[in-house]
Structures are given as C-alpha cells and as structure tokens.
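Please view the sequence and the structure together before reading on.

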Amino acid sequence: MSSSQSIRDSSHAGSWYSSSKSKLDGELEGWLNAVKTPVKCIGPESEGETIDQLPVPGARVIIAPHAGYAYSGPAAAWAYKAWDVSKT
C-alpha cells in the first residue's frame, strides 16, 4: 500500500460480518472453496448449460449480493469465483 492510501476502519464488523479475523477468514475461505465446477446455469437463456472453468474466461463484470455475509456469503462466493481478474 502506498503512503498516500489509508485504511478505513471497518464500520460493520461484528454486525454484518464477524469481527474476528480468523472466523471471517474461515467463513470466506469456506464459501469460496465450496464453489465447484461444473456450474449448472439457471437463467432463462442458459438453462441446461454448464460452465466447466472458473473463473469464466472474459468475465469482466459480476453482480454479487452484498448484504451481511451470513445471508449473502455463499451466493457472493459464486460471483467472485466466476470473475476473471487476469487482465485487471
């Protein structure tokens, strides 16, 4: 991190997500590790198709929930595992 950047205090730790670093790390790792291929598509245009590779090559944008991790963590993990950050 450069000297011109600062770290903002977490305003929702202990309410929307765990205030324990080790517990939060374990939850995030668990949700991300639970995302396995092949992924079955569910959208009206892609129902029945599968995705065999994560991240999805060329996936430059994701839509991910961002409510409290207890509610959105597993769903958000799917979005972040699909995101192709190889060209950022």
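Predicted model: local features only at pLDDT ≥ 70, side-chain atom pairs only at ≥ 80, totals over all residues.

Residues are numbered from 1 along each chain as its sequence is written, and side-chain values use heavy atoms, with hydrogens and water left out.

**Aromatic residues**

A pair of aromatic rings is described by the distance of the centres and the angle of the planes. Three aromatic pairs are present in the structure. Tyr17 and Tyr69 make up a tilted pair, with 5.5 Å from centre to centre and 35 degrees between the planes. This pair joins distant parts of the chain, for Tyr17 belongs to the segment before α1 and Tyr69 to helix α2, 52 residues apart. Rings of Phe, Tyr and Trp (its six-membered ring) are paired if their centres lie within 6.5 Å; planes under 30 degrees apart count as stacked, over 60 as edge-to-face and the rest as tilted. Together with Trp31, the residues Tyr17 and Tyr69 form one aromatic cluster. Helices (H or I, at least four residues) and strands (E, at least two) are DSSP runs, numbered from the N terminus.

**Surface and burial**

Residues are called buried under 20% relative accessible area, exposed over 50% and partly exposed in between (1.4 Å probe, protein chains only). The table gives the values for selected residues.

| Residue | Relative accessible area | Class |
|---|---|---|
| Asp9 | 68% | exposed |
| Tyr17 | 24% | partly exposed |
| Ser18 | 16% | buried |
| Glu29 | 39% | partly exposed |
| Tyr69 | 31% | partly exposed |
| Ser72 | 3% | buried |
| Tyr80 | 45% | partly exposed |

Tyr80 is placed in helix α2, which spans residues 69-82. With Trp83 and Val85, Tyr80 makes a nonpolar surface patch of about 280 Å². Such patches consist of residues with over 30% relative accessible area and no salt bridge, where like charges are joined within 9 Å and nonpolar side chains (Val, Leu, Ile, Met, Phe, Trp, Tyr) within 5 Å. A salt bridge here is a side-chain nitrogen of Lys or Arg within 4 Å of a carboxyl oxygen of Asp or Glu. Accessible areas come from the Shrake-Rupley method with a 1.4 Å probe, and for residues only the protein chains shown count as cover.

**Two serines**

Ser18 belongs to the segment before α1 (21-33). A polar atom of the Ser18 side chain lies 3.0 Å from the backbone nitrogen of Ser20. Apart from its neighbours within four places in sequence, Ser18 is in contact (heavy atoms within 4.5 Å) with Ala13, Lys23, Leu24 and Glu27. Ser72, in turn, is located in helix α2. Its neighbours within four places in sequence again left aside, Ser72 is in contact with Pro65, His66 and Ala67.

Asp9 is found in the segment before α1. Its C-alpha atom is separated by 19 Å from that of Leu28, 19 residues apart along the chain. Glu29 is situated in helix α1. Between the C-alpha atoms of Glu29 and Ala75, 46 residues apart along the chain, the separation is 13 Å.

**Cis peptide bonds**

The peptide bond from Thr37 to Pro38 is cis, with omega near 0 degrees, and Pro38 sits in the loop between α1 and β1 (39-40). A cis bond with omega near 0 degrees also runs from Leu54 to Pro55. Pro55 occupies the loop between β2 (50-51) and α2.

Note on methods: Polar contact = N/O pair within 3.5 Å; in protein donor to acceptor, adjacent residues only side chain to side chain.
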